[in-house]
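Visitor: Could you walk me through the ring contacts and one of the sheets in this structure?

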Number of protein chains: 2
Amino acid sequence: MTNHTHDVRRRSWVASANGHPDFPVQNLPFGVFSPHGEMPRGGVAIGDSILDLPAALEVGLFGGVVQDVAAAAAEPQLNRLLNFDAGGREALRDRLFEILSDEATASVRALEPRLLHRAADCTLHVPAQIGDYTDFYAGIHHANNVGRLLRPDTPLSPNYKYVPIAYHGRASSIQPSGTPVHRPEGQRKPGSETVPSFGPSRSLDYEIELGIWIGPGNKLGEPIPIAAAHAHAAGFCLLNDWSARDLQGWEYQPLGPLLSKNFLTTISPWIVTAEALRPFRVPQKPRPEGDPAPLHHLWCEFDQTHGALAIELEVLLTTRVTRARGMDPHVLSVSSTRHLYWTFAQMIAHHTSNGCNLRPGDLFGSGTISAPGIEGWGSLLEITEGGRNPIHLASGETRRFLEDGDEIIFRARAVRDGFASLGFGECRGTVVSTP
Amino acid sequence: MTNHTHDVRRRSWVASANGHPDFPVQNLPFGVFSPHGEMPRGGVAIGDSILDLPAALEVGLFGGVVQDVAAAAAEPQLNRLLNFDAGGREALRDRLFEILSDEATASVRALEPRLLHRAADCTLHVPAQIGDYTDFYAGIHHANNVGRLLRPDTPLSPNYKYVPIAYHGRASSIQPSGTPVHRPEGQRKPGSETVPSFGPSRSLDYEIELGIWIGPGNKLGEPIPIAAAHAHAAGFCLLNDWSARDLQGWEYQPLGPLLSKNFLTTISPWIVTAEALRPFRVPQKPRPEGDPAPLHHLWCEFDQTHGALAIELEVLLTTRVTRARGMDPHVLSVSSTRHLYWTFAQMIAHHTSNGCNLRPGDLFGSGTISAPGIEGWGSLLEITEGGRNPIHLASGETRRFLEDGDEIIFRARAVRDGFASLGFGECRGTVVSTP
């Protein structure tokens with residue numbers, strides 16, 4: 001399953017890549033960037049730099065069958081790259097590893113000024129045109145926590161352990177890390193009021209999720225069987241499903257959340273490929289005693305033994321005060337993608353089981369990934385129990401929900417003994433007041 | 001508000017347009033079609049024919065400022081056309097009226113073989129790339145009927161008269177009239193069973209809705225005020241929100257419908273423009289005594305007096321038996337868009353009130369448009385009370401929900417005394433068994 005591109009001993013001639021928390025030479029994620037305000041183009045993150053793929057093509061670094069895959073990866077939207085199968089992506093990965101690892105020839109290294117940009121000088125974009133965005137609810141501890149606030153007697157709906165619950169989200173408002181989070185206005189009706197009023201949300205929240213980039217799609221009417229589903233997940237990112245809890249509470253019956261979510265979804269802009277994450281596949285967590293087995297169309301041996309991912313997640317908060325005082329960010333939670341109740345293959349098999357067609361560049365959100373204990377809960381709604389128990393920061397401030405000026409930062413790292421850990425780059429956003 | 005292009009006395013030199021139920025010269029809807037298996041291109045429906053816009057451009061029928069709008073309307077996806085404001089669309093409409101009405105010069109008429117295709121020889125396509133699709137729930141009689149089945153005591157959720165309820169639907173599976181309706185498989189759990197099973201839906205249904213094509217969009221974070229909202233609705237179509245009621249009943253809590261809807265949505269492929277429908281704007285139906293007034297951000301004088309549309313709707317059913325015997329279609333219901341509780345401007349203002357960005361080519365569904373009485377109910381779920389009271393067809397057959405081989409046909413007509421009525425073309429689909 002793994003090959004030389006996963007070898008922890010291998011290094012890059014790009015010095016900043018060696019020991020880089022996110023982008024060592026074993027990662028090689030794809031993205032779309034603009035250097036110095038120039039036109040968007042495809043690139044690969046390597047340490048603190050970005051490999052300019054159009055430039056690499058121009059100097060002839062890609063030949064043979066890899067050339068077309070590299071050309072797709074060089075485009076300003078990566079949908080065509082995502083439409084290649086794992087073989088195509090893998091061939092490109094192998095060649096990129098040759099170019100960027102210590103096996104690169106001196107003549108390749110000499111091209112550095114032409115090939116590499118300082119990431120700090122570049123603007124990152126959403127890397128593909130997202131046809132449809134579906135947000136799942138596969139974090140069972142989150143579902144339990146939220147359900148307990150709304151329905152203390154039956155926190156989990158009866159379908160939860162059978163159906164990978166999800167809803168369609170908004171594609172147009174998915175934005176890259178760093179996009180300001182305008183506090184949305186909307187209708188709110190607290191229990192203390194008899195009629196709703198319109199105004200800025202008073203309970204703005206984040207949700208930490210993993211995003212999955214769909215690779216090759218399926219035709220309408222042709223479900224993807226679970227045994228084939230892994231091949232349709234091309235890569236992953238971090239995703240912040242910003243949520244206005246007061247708008248949500250008032251609007252969500254009977255058809256689910258809309259305006260409480262669709263004002264903004266922030267993603268980390270690099271597509272960390274399924275190939276890079278291959279060493280971090282782990283068995284699915286056994287279901288607790290008494291839980292039903294997945295129905296037939298959601299079960300296959302490979303998915304049970306390799307369907308989960310070992311990715312550690314961290315949510316950080318800074319405020320105007322903590323930044324002014326130079327304080328460390330407040331750690332809101334530490335969790336892991338292993339806590340998801342459903343695998344990505346199960347999500348894909350479920351989503352297409354009725355014949356619904358996926359397209360390359362579609363995006364899934366995993367749902368909020370909470371760990372069992374409060375130190376791993378993935379939203380303020382859970383941590384503060386709906387705002388009832390504020391958290392206390394080292395700055396002396398308290399928070400029930402997000403205040404203007406607060407910045408939420410997600411970080412993630414795929415970890416396994418004997419392998420270089422891989423990161424995703426940051427997924428951050430700062431709350432600004434309603435315009 | 002109306003001009004010579006709405007004059008009922010005006011005729012077309014395309015003979016089939018005069019008295020045509022859908023496409024007289026006063027309509028001039030835009031679409032994308034392939035003549036005889038050739039490449040898709042933009043066109044205009046006129047009687048039983050389609051005007052080939054690339055051909056019309058080639059022979060120089062458009063000059064000056066209209067030329068660029070016509071070029072956008074000639075493309076194989078009409079997103080760029082939809083991005084023009086009403087002025088641009090109106091200028092093109094005026095020129096098309098000159099070309100296709102009785103005021104056309106002899107030299108224009110002489111071009112007929114080059115300009116016109118028989119619609120019967122053409123394939124119609126979805127006319128734009130749909131960025132996001134949002135399905136509203138603005139048919140209050142439908143919401144009441146459905147709510148009564150699920151929650152007899154409180155059929156309407158408390159937010160209904162304040163919030164134009166909606167959910168995000170699936171863009172990828174929106175298909176043009178005529179696309180087969182594969183009976184979807186999925187999880188069903190009737191009350192009589194203790195655990196769900198996976199298999200073909202046993203309660204496949206239709207829902208009649210009006211679709212709204214979004215024209216110019218808005219930037220993220222910049223709401224569209226209701227007074228400006230009408231200008232963002234470029235055109236309309238018919239929309240069948242096919243629904244698998246058994247899948248829906250099991251999956252929809254807590255985040256709304258997903259697989260019960262996203263296997264297929266059928267639309268009539270012509271964009272009937274806001275300009276063509278101008279004579280059919282009518283005052284919004286007064287809210288019943290005791291209903292709250294719309295909140296400030298959903299109210300403006302113009303929308304109250306001109307926000308609704310006078311469009312009559314008809315739902316027809318044919319079966320294998322009725323077709324084999326040459327019987328007339330069974331009329332399932334007759335309704336009107338005047339029964340919608342919320343206007344399209346209110347939907348647009350609501351959708352963007354939190355800063356959510358719309359893009360040209362986004363599509364809204366109105367929600368199922370049921371009339372107050374059973375003869376106007378817009379789905380079998382309502383007509384058969386959840387399948388309890390089957391309907392009886394003249395063929396001797398009964399129906400609780402749709403059977404394989406059943407065809408559902410929607411027709412619509414904008415009607416006003418003193419004006420030519422305009423239609424939408426058909427929106428039809430035949431149920432076929434699970435592949």
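Guide: What follows is a chat about aromatic pairs, charges over rings and a sheet.
Guide: This is a predicted model, in which local features need pLDDT of at least 70 and side-chain atom pairs count only at pLDDT 80 or more, while totals for chains, interfaces and linings use all residues. Residues are numbered from 1 along each chain as its sequence is written, chains are lettered from A and ligands numbered from 1 in the order in which they are written, and side-chain values use heavy atoms, with hydrogens and water left out.

Visitor: How many aromatic pairs over all chains?
Guide: There are 18, where rings of Phe, Tyr and Trp (its six-membered ring) pair if their centres lie within 6.5 Å, and planes under 30 degrees apart count as stacked, over 60 as edge-to-face and the rest as tilted. One of them is the tilted pair of Tyr160(A) and Tyr341(A), with 5.9 Å centre to centre and 50° between the planes.

Visitor: Where in the chain do Tyr160(A) and Tyr341(A) sit?
Guide: Tyr160(A) is in the loop between α7 (140-150) and β7 (166-169) of chain A, and Tyr341(A) is in the loop between β21 (330-336) and α12 (344-352), 181 residues apart; helices (H or I, at least four residues) and strands (E, at least two) are DSSP runs, numbered from the N terminus.

Visitor: Are those two buried or exposed?
Guide: Both Tyr160(A) and Tyr341(A) are buried, where buried means under 20% relative accessible area, exposed over 50% and partly exposed in between (1.4 Å probe, protein chains only).

Visitor: Which residues make up the cluster with them?
Guide: Ring pairs join Tyr137(A), Tyr160(A), Tyr341(A) and Trp342(A).

Visitor: And what lies over the face of Trp342(A)?
Guide: Arg287(A) does, at 4.7 Å from the ring centre; a charge sits over a ring if NZ of Lys or CZ of Arg is within 6 Å of the ring centre and within 35 degrees of the ring normal. In chain B, Arg287(B) lies over the face of Trp342(B), at 4.7 Å from the ring centre.

Visitor: Switching to the sheet, what is the strand order?
Guide: The open sheet of five strands in chain A runs β4-β3-β2-β1-β5, with antiparallel pairing, and two strands pair if DSSP finds at least two bridges between them. β4 (116-118) and β5 (122-125) of chain A are at the edges with a single partner strand each, so one side of each has no neighbour in the sheet.
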